[in-house]
2 protein chains.
Amino acid sequence: MTRSVRERMVDSAVVLLAKRGFQGASFTEVLAHSKAPRGSIYHHFPDGKEQLIAAAVDYAGARAVLLLDALSGRSPAEIVDAFMAMWRAVLERSGFTAGCSVLAVTVSADSAELLARAGEVFRAWQARLAELLRAGGLAADDADGLATMMIAASEGAVVLARAQQALAPLEAVHRQLRRLAEAYGPEQGQDDLGPG
Amino acid sequence: MTRSVRERMVDSAVVLLAKRGFQGASFTEVLAHSKAPRGSIYHHFPDGKEQLIAAAVDYAGARAVLLLDALSGRSPAEIVDAFMAMWRAVLERSGFTAGCSVLAVTVSADSAELLARAGEVFRAWQARLAELLRAGGLAADDADGLATMMIAASEGAVVLARAQQALAPLEAVHRQLRRLAEAYGPEQGQDDLGPG
């Protein structure tokens, strides 16, 4: 049950990134949030802040893939619903103060190495979602397109929801994603969303 | 033709926010980028950095609304194409180093006042886009939903494109938005995307 000091620091970095971006996840803030002793920085992250943030990006990435694994065996519409419910929980639990730590790193860190790592995480999420959608009956191309759309649209919707301190943007995007997922429904097998 | 020192500073703040977030748009960086004399800070922004960033958010917001005005009279599909072309240009011109300054403020500034301002800008973009889509033939509800989706999905796609240093996420989202826009097409008048 007891997490290691390193785990607590990485978890705190994810939380702080999600709330205030790269600059908000300073060593000082991470120590205060995780209640880790000061010496932990140089013990666990001898290469400095970038090493801590890289670990946070990887951890946030892996944790989301684990959450996605729980959606195995569902229909595309159910996958959309569960995916959006995860984001809704992030907003509600934080009182609209938190979003995606990986997005925050992408737009506020000044490091090619961290950017590449964020890119890997987005790619891994897209691949796992596409796999679930294919297992749910979508054709490979449709699954790829919808998976990318789900990630992009939810990331953007969370930003709009934070800025407006309201769930409305997330709910609107949810409805649009449901339309796309239902239109791709496997039973019809159509290529086009329009009426036949 | 000559912009005032204040205009140059605000413009530089928008560029720096779009590239590196709130912390990247420090007074030092803005002075260097705009080549404004040091005294300009206290002359034009006596209340400090937050005043400069607020002006940058408002300016970025108003400039985007002007760009949207140019889409008047187009069909929903054409509006989607032109909107995504604007984002594509931001990515290509900057070599994938720049995104949306208003998104950056939302996720990296620690200020309720700036957050509220970012929320106003997103709301103004949504309202203008929805108006254009209605003029292009969409029902009010469909126009509202698609406008929110266009903003959320493009914001997210630009983040994915920066992280992956590739246009692919933007192109995938563009195709999905076209599907939605075409399915809402006014001539069919259907409520549902599925085949009849």
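Through which surface do the copies meet, as judged from the interface residues of chain A and chain B? Of the interface residues of chain A, 98% are also interface residues in chain B, so the copies meet through the same surface. The model is a predicted one, in which local features need pLDDT of at least 70, side-chain atom pairs count only at pLDDT 80 or more, and totals for chains, interfaces and linings use all residues. Residues are numbered from 1 along each chain as its sequence is written, while chains are lettered from A and ligands numbered from 1 in the order in which they are written.

In the interface, 48 residues of chain A are in contact with 47 residues of chain B; contact requires that the C-beta atoms, placed from the backbone, lie within 7 Å. On the side of chain A that touches chain B, two or more residues come from each of α1 (5-24), α6 (101-108), α7 (112-135), α8 (140-164) and α9 (168-183) of chain A. Helices here are DSSP runs (H or I, at least four residues), numbered from the N terminus. The most is given by α8(A), with 15 residues. This side of chain A has 22 nonpolar, 18 polar and 8 charged residues, where Ala, Val, Leu, Ile, Met, Phe, Trp, Tyr, Cys and Pro count as nonpolar, Asp, Glu, Lys and Arg as charged, and the others, Gly among them, as polar.

One partner of α8(A) is α7(B), and the two pack at an angle of about 120° with their axes 7 Å apart. Axes are lines fitted to C-alpha atoms, for helices over the stretch in contact, and angles run from 0 to 180 degrees between N-to-C directions. That makes α8(A) oblique to α7(B), oblique being the class left after under 35 degrees (roughly parallel), over 145 (roughly antiparallel) and 65 to 115 (roughly perpendicular). In this contact A:Leu160, A:Ala163 and A:Gln164 meet B:Leu115, B:Ala118, B:Gly119, B:Phe122 and B:Arg123.

Key:
Contact = placed C-beta atoms within 7 Å.
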